[in-house]
Amino acid sequence: MVKHTIISAKKANSLYWLGRYEERVYITLHLLRKCHDKMIDGELEDYWPIWQNLDTAGVYQTNEEFIFGIMYDDINPSTVMSAQMRAMDNAILLREDILSETLSYLEMSLALLKECRNKQEKNVICLQPVIDWSLAFWGSAEQRLKNHKALYIMMIGRNIENLDMLLRFDYDFERVALAYDSVKHYFRHMPSIVDDHIEEELNRLITRERFNLKDVEYKNKLLKFINQLVRV
Amino acid sequence: MNIRINELIDSRDTVNKWLERYGVRFGVYKHGVFNEQLFPFDSIPRIISHSDWSYLETGLKQRVLALNKFLWDVYHDKRIIKDGIIPEEFVYSSKGYMPECEGINPTGEVYAHIAGIDLVEGKDGQWYVLEDNLRIPSGASYPMIAREITRKVSPQTFTQNAVAENRNYSKLLATMMEEMNNGRGISVILTPGRYNSAYFEHSYFAEKIGATLAYPGDLFVEDNKVYYAGIYKEKTRVGCIYRRVSDEYIDPLIFEASSLLGIPNVMQAYKSGNVALINAIGNGVADDKGIYYFVPKMVEYYLGEQPILQNAPTYLPYFKKDYDYVLANIQRLVIKDVSEAGGYGVVFGKDLSKEKLDELKALIIDQPRRWIAQEVIDFKGLEILEDDKPVERKADLRAFVVSGKETRVWASGLTRFSRNPDSFVVNSSQGGGFKDTWVLEE
């Protein structure tokens with residue numbers, strides 16, 4: 001049966017958000033490992049910024065509560081569990097595009113997260129397979145997605161999320177500019193998905209001369225534009 | 001025949017792990033809350049010999065052919081009613097009869113493109129048809145994916161046993177859909193969405209067939225033709241819709257006006273011959289539990305042949321003789337409400353107290369057309385593993401017959417079993433599990 005390449009509005013939305021949430025899983029785990037390392041023998045000020053940037057300051061009271069919550073809390077939208085569940089909610093609508101093999105990596109990740117939560121596992125290392133499967137998911141998607149437009153939308157979501165997190169965590173200009181270039185690389189394949197006006201604004205803002213994430217107004221403007229850049 | 005039973009037993013947990021990995025689930029609504037659960041798989045297959053299968057295959061083709069002819073007749077000439085074979089009130093009072101389908105000519109005159117025929121094997125080896133499902137029969141995806149997995153997990157089992165391939169069901173569907181599409185456009189599977197109990201099957205078939213999975217809102221009708229809508233208002237013509245949305249929700253302009261699941265005006269496009277609907281609308285009149293009684297008569301009437309497959313002995317309280325028999329023997333019969341499905345509305349007389357039996361009798365007296373009664377068939381149990389020990393449980397078989405330009409029977413089927421030792425009810429919605437169904441090639 002010949003498959004067509006038109007993507008419905010619903011599907012485009014799922015592809016975009018699947019890309020964003022799965023990248024969120026990966027980055028949150030990466031940050032969590034960093035944070036965990038600092039919490040072993042560091043001072044509060046070493047890891048407090050991570051809590052703040054993950055929007056969890058004030059949500060969890062102790063180090064133990066933070067680690068357990070950021071891994072498994074399914075109500076707080078900033079956690080690994082929450083992002084993995086939302087990724088799954090979108091992926092499950094896309095089986096015929098990403099194929100069961102690709103979907104299976106997310107199924108396994110979610111099953112492992114639930115199993116570890118039930119076993120009250122507190123060491124971040126127990127979730128290493130989630131990182132491995134996330135990378136396997138992306139590899140599988142790239143290999144198996146025959147509809148290139150669908151892959152581009154997912155990759156746009158992935159790179160937007162990466163850019164959003166880099167900005168929130170005050171990464172330097174080189175990293176942010178590189179991430180923005182990646183987003184624009186995929187835009188070249190899908191020009192109609194971009195809000196041109198916002199893209200122009202971002203092009204003006206993300207320059208070495210103007211880049212200053214310590215300026216709260218500037219940072220918030222960047223975050224707002226990044227999250228309004230794609231029309232799905 | 002050389003089944004390595006120990007290897008199959010050992011593989012059960014591994015297979016279930018793989019089923020979890022692939023997200024093989026079904027949804028159940030309980031007290032208004034949606035829950036997804038794994039469909040419990042038992043690794044000991046149901047095995048059907050080559051000769052038994054030849055008999056079943058011939059009988060199933062014959063039955064589905066007659067049912068398709070009946071559907072054409074009901075919505076066109078009505079000869080079977082005029083000739084007094086089926087009383088007209090059984091047809092016109094059926095909830096599945098859709099007057100809106102009168103005179104519509106589906107492509108190739110096929111109504112039941114996918115028929116799910118439920119059978120049981122009696123202890124004497126005789127097969128009986130319990131039910132015909134001609135609207136949206138589900139379940140074929142489970143043995144399909146189970147086979148895919150068991151072949152991975154226990155390859156030797158399949159080296160040593162000549163089992164007919166069952167993963168070709170998607171090919172059967174794709175061929176039939178292409179035939180019905182007739183080059184008009186793309187083929188889609190229309191799902192009500194992920195909170196439908198059979199959503200896994202919808203998405204899995206879309207993957208395996210290579211069809212597009214369409215959600216409510218993705219399809220629209222323009223100039224009497226159906227289109228799939230792209231994100232930027234692009235449109236692609238649709239020639240065939242395998243719809244997993246019930247008749248009453250398919251077109252809010254014709255049926256249930258509040259439906260958000262359907263496609264406004266799709267009935268007009270269908271009537272004009274611009275799109276094929278799989279299965280046709282209005283098939284419910286032929287799989288009505290009351291009409292079931294008449295299926296063997298349809299075979300004789302339309303095909304001039306003796307029916308190969310038998311119905312379970314069935315009584316219609318509508319007929320005086322059966323009415324008297326049912327009321328006199330209710331305590332040993334199984335009584336079915338013709339308006340219910342999915343294992344609901346089925347009661348065994350032996351399980352009811354005297355008061356409950358009297359209540360049921362009163363209902364039958366009040367509305368004889370609403371009920372059928374059947375002898376309880378002591379059907380064969382199949383071995384399943386319970387705590388790693390083999391025990392016998394009641395099981396049925398849903399065979400799938402696919403009709404396009406030809407009628408083809410899928411050499412497998414969904415074997416469902418009851419997990420309760422005292423129960424004859426095998427439906428997944430009632431806690432049952434499933435097995436792969438092996439048809440031996442020699």
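Biologist: Where in chain B does Asp387(B) lie?

Modeller: The model is predicted. Asp387(B) sits in the loop between β17 (381–386) and β18 (389–403) of chain B.

Biologist: What is noted about the phi of Asp387(B)?

Modeller: Phi is positive, about 50 degrees, although Asp387(B) is not a glycine. Asn265(B) also has a positive phi, near 80 degrees, and is a residue other than glycine. Asn265(B) lies in the loop between β10 (235–243) and α10 (266–271) of chain B.

Biologist: What makes Asn265(B) partly exposed?

Modeller: A residue is buried at 20 or more neighbours and exposed at 12 or fewer, with partly exposed in between. Asn265(B) has 18 C-beta neighbours inside 10 Å and therefore counts as partly exposed. Thr14(B), with 15 C-beta neighbours inside 10 Å, counts as partly exposed because of the value it has. Thr14(B) belongs to helix α2 (residues 12–21) of chain B. Thr14(B) and Ile149(B) are 135 residues apart in sequence, and their C-alpha atoms are 9.1 Å apart in space.

Biologist: Which peptide bond is cis, and what is its omega?

Modeller: The bond that joins Ile278(B) and Asn279(B) is cis, with omega at about -15 degrees. Asn279(B) is in the loop between β11 (276–278) and α11 (289–292) of chain B.

Biologist: Why are α3(B) and α12(B) called roughly perpendicular?

Modeller: Helix α3 (residues 50–74) and helix α12 (residues 295–303) of chain B pack at an angle of about 80 degrees, with their axes 9 Å apart. Roughly perpendicular covers 65 to 115 degrees. The angle therefore makes α3(B) roughly perpendicular to α12(B). On the α3(B) side, the contact includes Leu65(B), Ala66(B) and Phe70(B), and on the α12(B) side it includes Met298(B) and Tyr302(B). By class, this contact has nine nonpolar, one polar and two charged residues.

Biologist: How do you know that α1(A) and α4(A) are roughly antiparallel?

Modeller: Helix α1 (residues 9–41) and helix α4 (residues 80–91) of chain A pack at about 155 degrees, with their axes 8 Å apart. Angles over 145 degrees count as roughly antiparallel. That is why α1(A) and α4(A) are given this label. Their crossing is left-handed. Among the contact residues are Trp17(A), Tyr21(A) and Leu29(A) of α1(A), and Ala83(A), Arg86(A) and Asn90(A) of α4(A). The contact of α1(A) with α4(A) has nine nonpolar, four polar and three charged residues.

Biologist: Which residues of α3(A) are buried, and what covers them?

Modeller: In helix α3 (residues 63–72) of chain A, the residues Phe66(A), Ile70(A), Met71(A) and Tyr72(A) are buried. The cover includes α1, α2 (44–53), α4 and α5 of chain A.

Biologist: How do you know that chain B agrees with a compact globule?

Modeller: A compact globule of 442 residues would have a radius of gyration near 22 Å, and chain B has 22 Å, so the value agrees. Chain B has 14 helices and 21 strands. Of its 442 residues, 46% are buried.

Note on methods:
Residues are numbered from 1 along each chain as its sequence is written. Chains are lettered from A and ligands numbered from 1 in the order in which they are written. This is a predicted model: local features need pLDDT of at least 70, side-chain atom pairs count only at pLDDT 80 or more; totals for chains, interfaces and linings use all residues. Axes are lines fitted to C-alpha atoms, for helices over the stretch in contact, and angles run from 0 to 180 degrees between N-to-C directions. Helices (H or I, at least four residues) and strands (E, at least two) are DSSP runs, numbered from the N terminus. Angles under 35 degrees count as roughly parallel, over 145 as roughly antiparallel, 65 to 115 as roughly perpendicular and the rest as oblique. A crossing is left-handed if the near helix is turned anticlockwise from the far one by less than a right angle, and right-handed if clockwise. Two residues are in contact if their C-beta atoms, placed from the backbone, lie within 7 Å. Ala, Val, Leu, Ile, Met, Phe, Trp, Tyr, Cys and Pro count as nonpolar, Asp, Glu, Lys and Arg as charged, and the others, Gly among them, as polar. The radius of gyration is taken over C-alpha atoms; the globule rule is 2.2 Å times the number of residues to the power 0.38.
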